[in-house]
Amino acid sequence: MLRPLLFVFTFTAAAALHAAQPKTLADIPSTDPKVEQEKFVVPEGFEINLFASEPMIQKPVQMNWDAQGRLWIVSSTTYPHIKPGEEAKDQIVVLEDTNHDGKADKSTVFAEGLHIPTAVIPGDGGCYVANSTEILFLKDTNGDLKADERTILLSGFGTEDTHHLVHTMRFGPEGLLYFLQSIYIHTHVETPHGIRRLMGGGVWEFRPETRKLEIISKGLINPWGFEFDRWGQSFAADGAGSEGVNFIFPGSVFATSPGAKRILHGMTPGQPKHAGQENVDDPYWPADWQGSIIQNDFRGGRINRFTLTPNGSSYLAKQEKDVLASTHVAFRPIDLKFGPDGALYIADWYNPIIQHGEVDFRDPRRDHTNGRIWRLTPKGASAPALPAIVGKPVPELLEMLKSPRKYVRHFAKRELRDQGATAVLPALKTWIDALDKSSPDYEHNLLEAAWTRECVNKFSPGLWRTLWAAKDYRVRAAALRILSHRWRELPDAMDVLKKAIADENAQVRLWAVAVLSDMRTAPAFEVALRALDNPMDESLDFLLELTGREQADVWMPLVNKGELKLTNPKHLVYALKSSGRSEALPTLFATLKSGKLAAEDVAAVLAVAGDAADAVQAKEMADMVNDPAMKDHTIGLMDALVKAGSTRGVKPEGAKEIVTAWLSDSRIEVKHRASILAGSWKVESARATLEALLTDSATIAPVKDGALRGLTALGGVKTRDLFDKLFTTSTDLGMKSLCIDGLTSVGPQLAAKRAVEFLAAAKTAQEATAVLTAFLKNKQLPNQLAKELAGKKIPEAIAIEGVRLVSQRGVQGGLIDALRNAGGVKPMDQQLTPEAMTALVEKVKTLGDPKRGELVFRRQQLLCFSCHAIGDAGGVLGPNLVSIGASAPVDYLIESLINPSAKIKEGYHMVLVTKKDGSIVSGGLVQDGNDELVIRDPANQIQKVAKSQVASRTISPASMMPPGLTASLREDEFIDLVSFLSKLGKEGDFKIAPNKYVRTWKTMGVMEQADIDHVRHDGLPNLNDRNYKFPWNLTISKVNGDLPLDELPAAAKMYPWFPKIGQFGLKLAGDGKVKLGLNETKGVIVVLDGEEVRDLKPQFELNLKAGSHLVSVVVTRDAGELKALRVEILEGAAVVE
Amino acid sequence: MHPRDLRLAAAALLLATTAPLSAQEAAPATASQPASFEFKSDDTIVLLGSTVIEREQRYGHLETSLRLALGDKNVSIRNLGWSGDTVFGHARSYFGPPEEGIQRLTAHLELLKPDVVILCYGTELAHEGLSGLPAFLSGYRALLDLVREKSPGVRLIIASPPPLENLAPPLPDQAPANKNLASLRDALAKFAGSQNAFFVDWFQAMGGAPKPGRVEKPLTENGIHYTEAGYQKLTTKFIEALGLKLPDAPPTATEPLRKAVIAKDFLFFNRWRPQNETYLFGFRKHEQGQNAKEIPMFDPLIADADKKLVELKNTALAAAKRP
């Protein structure tokens, strides 16, 4: 028999050693490039070869080609941190393949003496380099390919984290320079146009000749990839955001941008860490690859590919099969570019470990010398001819704009830019005039011509108008992107935009809003609001709302003065709501009273009222509640009053009379809200009524709850004594908990006393949760409870639940110890000796069974899935584990399970917010807005805290993952669990396949007779009855996509099917076909919404309307011993919800 | 009237009452200001400001010349310039509000204990306009109060930001910005007087607002940031304004000194503004804070570099004395 795991860990005080660092470097693989090459998993039809390796190139970080076909690489051996006394020694290296055999044969150090440079791009007769705090322009003036002139172009970029430094330099199709920065960077740049400041991640856009520097997008955690498609739309990768491909347009804001009130999301959530991005636009590669996006997963050692489908103004992305994979732990693809020969070049940073946030700066396993460039090519396809571009005459360069190869078009434009406007413009006109208007590429050729003019910084209104008249919406959208830089130079821009805002295509409308937003005038905003006259979607709504909010100072005074007339009530409500300001309320109330608002607009008005109303407006709302003509809005108005009263203490004049009248109202919903308001408005005279409501056994639960809240808010000795009396006299456990909760506000000491009595008598952890949680809402209460627990006894299970809740919320102080003492819980040992760690690591490798480990991971009581996802299914509180095995060493995994606080993943720190009223909210920071903080608490609930209520905010050194979750495991189970985790994301059975399997299921729990009857009486479609509460459980599929049926409760006794049942939702943005695949059809019935799918085949198609659908899969007795169910979305723009 | 114009008018009114000077005229030397600023042996001199100060460390001219001009008086010079910084500490804050920047600056002042602080702030008003001038001056006052509190007896030098240049289009016309800077200079002259600080009219010393039209031989790279040649002139004018005289040492003797200044500045930069602050001292120090032990290891290296600067300065001075 195996001993429990705890005995394996020796109790030791010698805790200085780092668990994540093994004593030897035995894990480090051979650095021979041949060994690395053998570990590639190259898909059929492709081949890979080594283009360059050390010493020609070391530690490549970013690379870009020049028009001559030379590869410029920025290399840092200093990363992650300069040593005291070490000189700046990092380099720009230029690689050349002079004999065109696919291998670099010449390496030139163009520049050195750099300090952790993170981006390079050749252009404009030199190269741009991101060098920590600065962006440099380095130039070779004598032709020896060595920089001899250095200009500081921009300075003031932050360096708070060296893997976040300004990075990813790219020229857009219009010749502008783009670069990005990551989450911890705070940048302040003085430019000839004023200071630009960017806090956190974002995308910079720079025109070198005017030195105009702008921020076009904010947020993302590590946006280490950025690229344009053939039509000039831009997309970013994220090295930590885990949402795959992100659609970037001016004004877009993504996760973690400080001050953001609202954010957009990536298109493929559940993705691992990406760096580098390319858009396939070269006929050398397979036809079905064209237009798709490829990104490196540097953690899993893979290259992913995504295809995009237009969806409203944005896109849907679908992951395809990997472009490349490797089982070598040091393969770190961090950049990739298509080369002059059409091949895909992959910069391999080569390192057994990544990161320096979780792994020591000076970890001996860190590689500082190696680096490779790999070259992937399609087998058998005929390689394109190497283009000759530099020095070619303008007409020849212009012809190259028709090339089907992005490389050729791109560098032809770079060369045209270098030759200058005077040389280019006359020939360009001739070229445009001679274009074949019947060619399918005509409009794209025109677009290239317009981009060429942008490259030489000479806008032509005439050419622009031709472009704008294009039939292809993608060209019209691109035309508007150009206009976003040029509207000042187009006299009738506003007339054009009035047409554009009503364009039949949503993406064109999105770009119209982007241009109008950039204008920052009230009339422009009025035109932008017309977007509401056509279908809206997430991106459109985001940008329009952002414009309304950020430019409220521009347009709102004019609306309030009546100088800007928004005659359409929908436009008016939207605009005022977007402002989120109380000045908007008088006008909003007027529209509400007019009775012309749609239901959703009413909800919008009331939401603003709750957030922003002042005392005068609260009075007006109370009057509306009393106005019979407004009776449809009674509840909404009262809820808004409750919100305003309880969060901001807003109280109308005449509060006493108002609330007294409402308390005697016969409507329960009014009485309930009035009880709460009586408290928040401090109407002492209502106390007796509230007490009566609370003690009267006939009072229904909601009203009781309202009375309790009201009395709590009224406070004082009277409330305290009442709660205490009720606690003592009541036999109802729910009532007792409520009383303790109430007491914590009015008599903390007494509350603690009663709580200990309650806990001592509690039978189950569930019973105790509410009481324990009540003591975690501020900083004083935990100490109060700890003091009261001293010398007392409570059941062990209750104490364990308490420890879990307290540590999850990051509460410091003595409560954990007090609970342990009172419950007789032994402390978990959190430290392994180095020897024990080495032994355990060895056991994981030799004895661990990842298949058994997956079953351990899935156990309910371990709670893994409640916080962690693997791929796109599971909790979001903790890091996604999709490729944890490919990046984290085994010792790191073990340490993280035993002592979760030792290393905490970027972005998963717990914040502790103390509000001005003393209460505490803790959890993961979802959004740090200007006005409010959005926090995901340990119960996975979203909590919003107004910034004005925040007294202090700290980042907890403790992990949200409670220690001791694995304490109940036997050693063999623990070893299997680690083995499973260590395989996640590595090539093999535990790598999430790109297939869109349904991974998030609701599965039927144990059915009561009533549940069975509800189905039997009306048939299986009743399973999709959203109004009936079946005992559904959330179940996540296994890594391979299987829903294991043996984990479900025994088949329900439901004649004639005797089924096991799973259900999932499908959501579509527009009407469309969805093709599903099923692993088994025998004995399986599929019910879509209200109907069974007839004639079920292993692959079947559904015609679905836009919106949400329910699909139930019923595995009947006839299915026999079916082990697992697997459903795949084969085609169609549907997402599982 | 447009609200923005109103604010401008208010600012203009303020200027009219506090600094009755036309924008294009040179500010008169403050009546009480002596002809030269007195440095003492072993002074620790701190440079504080935005990009114009920060970039000095790339070229090293100011420190090189100051050391030479001070002859036998040996000083140490530390550049705390930060691109985009304001008197409110905007650029010095990371995750928090500007006040966090002031806290960071406070720690640096406590570390360095300066005897002399040279400040050049206010460039942002060139483009943001003068409506922010009153707030700027009260912010400046608070900053000087802080410096004095941390270093009792500290002597202050306030420099007005140097003028911008009108380079060829498509670079923008900086004439309106220069007008703002001229007004700012006037306000700073008066402010320095009221603060008992030595005032350097860098704006005027560098030629004041340029005449209409393009600059023929630009000293800036982009109209606002000075090139190396620009820093040479900035240095010459600054030394003159301090009432100091530069010995005539040959470049063969001054260049090694200047290179050593740049090397020392690089060491010091990695000491006071190290990369990876998030892990070393910030909210993730519980993970990689153990690496922070390396940061004070720069101190002896910087002290050695300072000693080397003294030797190189003495060599250069000896070369200057030889005819």
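Which residue of β5(A) does A:Trp72 stand opposite? Select both strands to find out: A:Trp72 stands opposite A:Val94 in β5(A).

**Before you start**

This is a predicted model, in which local features need pLDDT of at least 70, side-chain atom pairs count only at pLDDT 80 or more, and totals for chains, interfaces and linings use all residues. Residues are numbered from 1 along each chain as its sequence is written, chains are lettered from A and ligands numbered from 1 in the order in which they are written, and side-chain values use heavy atoms, with hydrogens and water left out.

Helices (H or I, at least four residues) and strands (E, at least two) are DSSP runs, numbered from the N terminus.

**Stop 1: strand β4 of chain A**

Select residues 71-75 of chain A. This is β4(A), and 5 of its 5 residues are buried. Buried means under 20% relative accessible area, exposed means over 50%, and partly exposed lies in between (1.4 Å probe, protein chains only). Now show the side chains. A:Leu71, A:Ile73 and A:Ser75 point one way. A:Trp72 and A:Val74 point the other way.

Two strands pair if DSSP finds at least two bridges between them. Strands of a sheet pair through backbone hydrogen bonds. The bridge partner of A:Gln62 in β4(A) is A:Val74. The hairpin of β3(A) and β4(A) has 5 residues between the strands. There, A:Gly69 takes a positive phi near 80°.

**Stop 2**

Angles run from 0 to 180 degrees between N-to-C directions, and axes are lines fitted to C-alpha atoms, for helices over the stretch in contact.

Zoom in on β7(A) and β8 (residues 126-131) of chain A. They run antiparallel, joined by 6 bridges. A:Ile121 has A:Tyr128 as its bridge partner in β8(A).

**Stop 3: strand β21 of chain A**

Select residues 274-279 of chain A. 6 of the 6 residues of β21(A) are buried, so this strand is largely enclosed by the rest of the structure. Look for A:Gln277, whose bridge partner in β22(A) is A:Gln295.

**Stop 4: A:Asn311**

Pick A:Asn311 in β23 (residues 302-311) of chain A. It is partly exposed, with a relative accessible area of 22%. What does A:Asn311 touch, not counting residues up to four places away in sequence? It touches A:Leu316, A:Asp537 and A:Ala1069. Contact means heavy atoms within 4.5 Å.

**Stop 5: two helices side by side**

Select α19 (residues 668-680) and α21 (residues 701-714) of chain A. Their axes come within 6 Å and cross at roughly 10°. Show the contact: residues of α19(A) including A:Ile668, A:His672 and A:Ser675 meet residues of α21(A) including A:Val703, A:Ala707 and A:Leu714.

**Stop 6: helix α28 of chain A**

Select residues 815-823 of chain A. 7 of the 9 residues of α28(A) are buried, so this helix is largely enclosed by the rest of the structure. Among the buried ones are A:Leu815, A:Leu819 and A:Arg820. Their cover includes α25 (765-774), α26 (780-789) and α27 (796-808) of chain A. Just after α28(A), A:Gly824 takes a positive phi of about 65°.

**Last stop: chain B**

Colour chain B by domain: domain 1 (41-246) and domain 2 (249-263 + 275-323). Domain bounds come from an automatic or database domain assignment. The centres of these two domains of chain B, taken over C-alpha atoms, are 21 Å apart. Their contact takes 19 residues from domain 1 and 15 residues from domain 2 of chain B.
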